[in-house]
Amino acid sequence: MGRRRAARGQAAPVEIVDVLPASARVAWAYLASLLSTAGAALLVVLSNQTIGALACAGASGGDDPVGECRVGVAVWVALAGFLVCLLPAVLLLKQDGWLWAAMFAGVGFLIAADAVVEWWWWAAAALVPAAAALASAEWRRGRSLRRVQLGVLLALDAAAVAALVWWYSL
């Protein structure tokens with residue numbers, strides 16, 4: 001008799017909605033970018049002592065061939081390190097992988113633009129986390145819109161990879 005009463009008296013489980021507002025998602029995206037930047041900086045320092053020394057030992061040509069080679073290695077390690085460190089940072093902050101995918105596309109297009117010396121490049125780089133957070137946010141407009149949104153993110157990732165391959169082959 002006691003078991004029946006206990007089973008009947010249980011409340012229905014409460015549905016917990018775990019969707020952040022857009023402003024909070026943007027803030028977490030900037031924090032993930034900051035953490036990823038710190039990780040990339042650490043990778044640059046470590047790689048400058050190891051990879052830079054090995055890869056640039058026989059550099060020749062130009063005014064300072066070893067220095068130019070080491071700067072090039074540092075830039076590539078920083079870019080790759082940012083994207084590699086971004087995934088654990090996003091997951092550590094309890095965001096989804098779609099935020100990483102959107103930021104990957106934004107960073108990929110920035111790299112392919114090859115305009116790091118221009119002012120607009122830095123302005124666009126500062127806006128990438130906010131744009132990625134908004135582009136990957138769950139807007140609760142239905143499953144069909146979410147599928148289209150995620151498809152667009154995957155298409156942007158593919159286009160960013162194609163732009164990087166085209167830029168690198170030039």
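The model described here is predicted. The chain contains 7 helices and 0 strands, so that its pattern along the sequence reads α-α-α-α-α-α-α. Of its 170 residues, 30% are classed as buried. When contacts between residues at least 6 apart in sequence are considered, 68% of them link residues at least 24 apart.

The largest pocket has a volume of about 710 Å³. Its lining comprises 25 residues, of which Leu79, Val107, Trp121, Trp122 and Ala125 lie closest to the pocket centre. Two or more lining residues are contributed by each of helix H2 (22-49), helix H4 (65-92), helix H5 (97-113) and helix H6 (119-135). By residue class, the lining consists of 22 nonpolar, 2 polar and 1 charged.

The buried residues of H2 are Arg25, Val26, Ala29, Ala32, Ser33, Ser36, Ala40, Val44 and Ser47. In an α-helix there are 3.6 residues a turn, so residues three or four places apart point the same way. The cover over the buried residues of H2 includes helix H3 (51-55) together with H4, H5 and H6.

Note on methods
Residues numbered from 1 in each chain as written. Predicted model: local features only at pLDDT ≥ 70, side-chain atom pairs only at ≥ 80, totals over all residues. Heavy atoms only, no water. Helix = DSSP H or I, 4+ residues; strand = E, 2+ residues; numbered from the N terminus. Buried < 20%, exposed > 50% of the residue type's maximum accessible area, 1.4 Å probe, protein only. Contact = heavy atoms within 4.5 Å. 1 Å grid on protein atoms, 1.4 Å probe; cavity = no way out; pocket = protein on both sides within 12 Å on 5 of 7 lines; lining within 4 Å. Points joined across faces, edges and corners; volume = space filled by probe spheres on them. Nonpolar A, V, L, I, M, F, W, Y, C, P; charged D, E, K, R; others polar.
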